[in-house]
Amino acid sequence: MLILLSASHKNSSFDVLEMLSVGGGETASHMVAKHDALTGAVIVATCNRFEAYLDLDEPYGVSPLPAVYAAIEAVSANTGVSEDMLRDTLTLLHGNGVAEHLFAVTSGLESVVVGEGEIAGQVRRALEQARAAGTTSPELERLFQRASQTSRGVKNRTGIGSAGRSLVRLALELAESRVSDWAEARVLLVGTGRYAGASLAALRDRGAENVRVYSPSGRALKFASSHGIEAVGVDDFAGEVARADVVVTCTLAEDHVIDADLILQGRVEVGVNARSIATASDTVSLCPADAAPEAPPQLIIDLGLPRNVAPNVVDVTGVELLDLETISIHAPLEELNATDEARELVGRAARKFSAVAEEQSLAPAVVALRTYIFELRDAEIARARSRGDSSEQTEQALRHLTGVLLHTPMVRARELARAGEQESYLTGLDALFGVQVELPAAASATDAAPTAAPAAS
């Protein structure tokens, strides 16, 4: 049975999402260790969502709640978010609803900016991380691989891919009113990962030419060399922050890389007057009021989660902060709503995925029936031979009859499985043939409606 615990920009605050974003691989391992029947876990943690996809191996009809409670306990222990908060925040899905949700997420239909392209890569890397941690399962592998296929299909067959914009591009659009000329603006990019490449491309598309890069992990030189820009060393970082008209941060650092003290220190180093601040720092010696020019307006765009920039930077005069929470508030969702065609493609793919899973759910019962019938057939062939009838025609007739007898039960197995009536099939096998089968695991037959994670009793 597939289970999903989900928190996103739609049902959670960015403060909670920030806490949940740390240590996805460890969280998955702790989840699997917490409950024996949890055979797999994949964590998708991005700048606006935390989702745990779980594979529960329990007999048909067994409640998933004990596994859900164990998973919530593991998330709480690994992230510091209380279990009460998680139960109030997380949405629970199980069965067929899990596939449709992941397919929509991977296709960009559930993003802050509908249709954005980064999410497909983030979902793919989540699966890779789970593989490295040893927390995948065959069903989760099938789910995530099908999600990637669906995403490509939606992008190729609808206009959502070209219409969708990334968070980076939306942030720069929101910054238009603060930047009069991108070609003249001094820009500092903090981070060298995949998102940094997308950020640099978006900056250049808007005409930015004076861009430098700093890496908290020391990778600035390599990134700068491959992208034709200038690297900033750690000793010059504070000064470069102070000089920049626009700072874009997009690192995976778990601590703030920029705060008010750093900006004030940088202003002192480069000779900018830092006297006029709302909250003075105790650790920075400020320039005399007449010793340097006033600091020009500065825009800091924080695309990191956890946050790369401390909230107190707005206490420094001239500094404006544009973070993920602000960006999500201004996202033009109506303009970027997904087309009906994209939603239909996702729904169709989810139904196909679930149909295959449901058919497979009765596979043990079909195998048991075939084994039972084949044993009867072989016994009849042996009996015929013992009576002296060893003709090939008799054996062929018995084998043909076996195939005819099995055809309808196998067709009905697929039909009943798709309708969620596995129990009817199992009851019929027991009543007619005395064949008793316990299914090792079962998917919910109906699309599970979103619900809050259940509170502990």
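Throughout this passage, a residue is called buried when its relative accessible area is under 20%, exposed when it is over 50%, and partly exposed in between, as judged with a 1.4 Å probe and protein chains only. By this rule arginine 194, at 61% relative accessibility, counts as exposed. The structure described here is a predicted model, in which local features need pLDDT of at least 70 and side-chain atom pairs count only at pLDDT 80 or more, while totals for chains, interfaces and linings use all residues. Residues are numbered from 1 along each chain as its sequence is written, and side-chain values use heavy atoms, with hydrogens and water left out.

The annotated positions make a handy starting point. An unreviewed UniProt entry lists Cys47 under "active site"; UniProt positions follow the numbering used here, feature names are shortened, and annotations may be inferred rather than shown by experiment. Cysteine 47 sits in the loop between strand 2 (38-46) and strand 3 (49-56). Helices (H or I, at least four residues) and strands (E, at least two) are DSSP runs, numbered from the N terminus. With a relative accessibility of 12%, cysteine 47 counts as buried. Its contacts (heavy atoms within 4.5 Å), leaving aside neighbours within four places in sequence, are with Phe14, Leu167, Leu305 and Leu324. Serine 8 belongs to strand 1 (residues 2-8) and is buried, at a relative accessible area of 8%. Not counting residues up to four places away in sequence, serine 8 touches Leu17, Asn48 and Arg49.

Under "binding site", UniProt (unreviewed entry) lists Gly191, Thr192, Gly193, Arg194, Tyr195 and Ala196. From this set, Gly191, Thr192, Gly193, Arg194 and Tyr195 are found in the lining of the largest pocket. For readers who like to know how such a pocket is defined, the search runs on a 1 Å grid over the protein atoms alone: a pocket is an open set of points with protein on both sides within 12 Å along at least five of seven lines, a cavity is a set of points where a 1.4 Å probe fits but cannot get out, and lining residues have an atom within 4 Å of a point. Arginine 194 lies in helix 10 (residues 194-205), and tyrosine 195 is found in helix 10 too. Whereas arginine 194 is exposed, tyrosine 195 is buried, with a relative accessible area of 17%. Beyond its neighbours within four places in sequence, tyrosine 195 is in contact with Glu118, Gln122, Leu167, Val168, Cys250 and Leu303.

Leu167 and Val168 lead on to helix 9, where both are among the buried residues, together with Leu170, Ala171, Leu172 and Leu174. Because six of the eight residues of helix 9 (residues 167-174) are buried, this helix is largely enclosed by the rest of the structure. Its buried residues pack against helix 10, strand 9 (298-302), strand 10 (319-323) and helix 14 (324-330).

Charged pairs come next. Side chains of opposite charge can pair when their charged atoms come close. A salt bridge here is a side-chain nitrogen of Lys or Arg within 4 Å of a carboxyl oxygen of Asp or Glu, and a search of the whole structure finds 24 of them. One joins the side chains of glutamate 325 and arginine 307, at 3.8 Å from N to O. This pair links distant parts of the chain, 18 residues apart, with glutamate 325 in helix 14 and arginine 307 in the loop between strand 9 and strand 10. Glutamate 325 is partly exposed, at 34% relative accessible area, whereas arginine 307 is buried at 13%.

Glutamate 395 forms a salt bridge with arginine 385 (2.8 Å, N to O). Here glutamate 395 in helix 17 and arginine 385 in helix 16 (residues 363-386) are 10 residues apart, and the pair links distant parts of the chain. Glutamate 395 is partly exposed, with a relative accessible area of 21%, and arginine 385 is partly exposed at 47%. Arginine 399 also meets glutamate 395 in a salt bridge (2.9 Å, N to O). These two residues are four apart in helix 17, so about one helical turn separates them. Arginine 399 is partly exposed, at 38%. Elsewhere, salt bridges that share partners join Arg186, Arg212, Glu230, Glu240 and Arg243 into one network.
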